[in-house]
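This briefing concerns a predicted model.

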Amino acid sequence: MAVKPIRLFGDPVLRTPAEPVKDFDKELRQLVKDLTDTMIDAPGAGLAAPQLGVGLRVFTYCVDDRLGHVVNPTLDLSDERETDDEGCLSLPGLAFPTPRAVRAVAKGFNMHGEPITLEGTHLLARCVQHETDHLDGIIFIDRMDPEQRKAAMKAIREAEWFGEPAPVVKDSPHRTFGKAI
């Protein structure tokens with residue numbers, strides 16, 4: 001099992017847009033395994049690579065016994081909206097009403113570079129939108145109206161985990177030849 005620490009709100013990696021995956025290699029397969037193991041251990045409905053400190057466009061999901069991942073997702077969203085409670089593994093223990101599209105279609109690739117399409121409604125659609133937002137440097141509280149966001153920020157500041165230092169990230173002295181992993 002490869003459970004990794006999840007980055008918390010306030011870590012700059014969560015606000016940094018992720019880079020598209022270019023290499024569908026062993027390192028990507030290990031990242032998908034780490035994301036899946038960490039998501040299941042948490043437990044959570046989804047987890048995006050930036051939440052593990054990796055700036056690549058990959059997320060995993062586990063909703064209604066559907067377990068999978070999407071690499072380099074693009075979304076097509078329905079016009080119909082719903083507001084429901086939403087939480088985040090990077091904001092542990094907190095949930096807030098958040099508007100989302102009722103239906104989402106994500107197109108992307110699996111870890112082997114094969115094209116995939118993931119369609120879902122309600123919770124799966126919410127999960128896909130939430131995780132894709134992470135890949136764009138967006139956190140779900142950004143989707144709230146200003147008054148709700150102000151209340152959410154107050155709850156975040158009062159959370160026992162708020163203000164914890166971000167994990168130390170060291171630069172490798174070895175050349176990566178342009179690879180992000």
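**Annotated site and its surroundings**

The side chains of His-130 and Glu-86 are joined by a polar contact of 2.6 Å. His-130 is one of the residues that UniProt, in an unreviewed entry, lists under "binding site", together with Cys-88 and His-134. These positions span 47 residues in sequence, yet no two of their C-alpha atoms are more than 10.2 Å apart, so they gather at one spot. Cys-88, His-130 and His-134 also belong to the lining of the largest pocket.

**Cys-88**

- Strand β4, residues 81–88, contains Cys-88.
- The relative accessible area of Cys-88 is 8%, and because buried means under 20%, Cys-88 counts as buried.
- Beyond residues up to four places away in sequence, Cys-88 touches the annotated His-130 and His-134, as well as Gln-51, Leu-94 and Phe-140.

**His-130**

- Helix α2, residues 122–135, contains His-130.
- His-130 counts as buried, with a relative accessibility of 5%.
- Residues up to four places away in sequence aside, His-130 touches Glu-86, Gly-87, Cys-88, Arg-100 and Phe-140.

**The largest pocket**

- The volume of the largest pocket is about 270 Å³.
- The lining has 19 residues, of which Ala-45, Glu-86, Gly-87, Cys-88 and His-130 are the closest to the pocket centre.
- At least two lining residues come from each of β1 (46–48), β4, β5 (91–101) and α2.
- Helix α2 gives the most to this lining, with six residues.
- By residue class, the lining divides into eight nonpolar, seven polar and four charged residues.

**Arg-57**

- Arg-57 is placed in the loop between β1 and β2 (58–63).
- Is Arg-57 buried or exposed? With a relative accessibility of 13%, Arg-57 counts as buried.
- The Arg-57 side chain reaches the backbone oxygen of Leu-135 at 3.1 Å; Leu-135 lies within the residue range of helix α2 (residues 122–135).
- Neighbours within four places in sequence aside, Arg-57 is in contact with residues including Ala-18, Glu-19, Pro-20 and Val-21.
- Further contacts of Arg-57 include Val-70, Val-71, Asn-72 and Pro-73, and also Thr-132, Leu-135 and Asp-136.

Technical notes. Residues are numbered from 1 along each chain as its sequence is written. This is a predicted model: local features need pLDDT of at least 70, side-chain atom pairs count only at pLDDT 80 or more; totals for chains, interfaces and linings use all residues. Side-chain values use heavy atoms; hydrogens and water are left out. UniProt positions are given in the numbering used here, feature names are shortened, and annotations may be inferred rather than shown by experiment. On a 1 Å grid over the protein atoms alone, a cavity is a set of points where a 1.4 Å probe fits but cannot get out, and a pocket is an open set with protein on both sides within 12 Å along at least five of seven lines; lining residues have an atom within 4 Å of a point. Helices (H or I, at least four residues) and strands (E, at least two) are DSSP runs, numbered from the N terminus. Buried means under 20% relative accessible area, exposed over 50%, partly exposed in between (1.4 Å probe, protein chains only). Contact means heavy atoms within 4.5 Å. A polar contact is a pair of N or O atoms within 3.5 Å; within protein, one must be able to donate a hydrogen and the other to accept it, and residues adjacent in sequence count only if both atoms are side-chain atoms. Grid points are joined across faces, edges and corners, and a volume is the space filled by probe spheres set on the points. Ala, Val, Leu, Ile, Met, Phe, Trp, Tyr, Cys and Pro count as nonpolar, Asp, Glu, Lys and Arg as charged, and the others, Gly among them, as polar.
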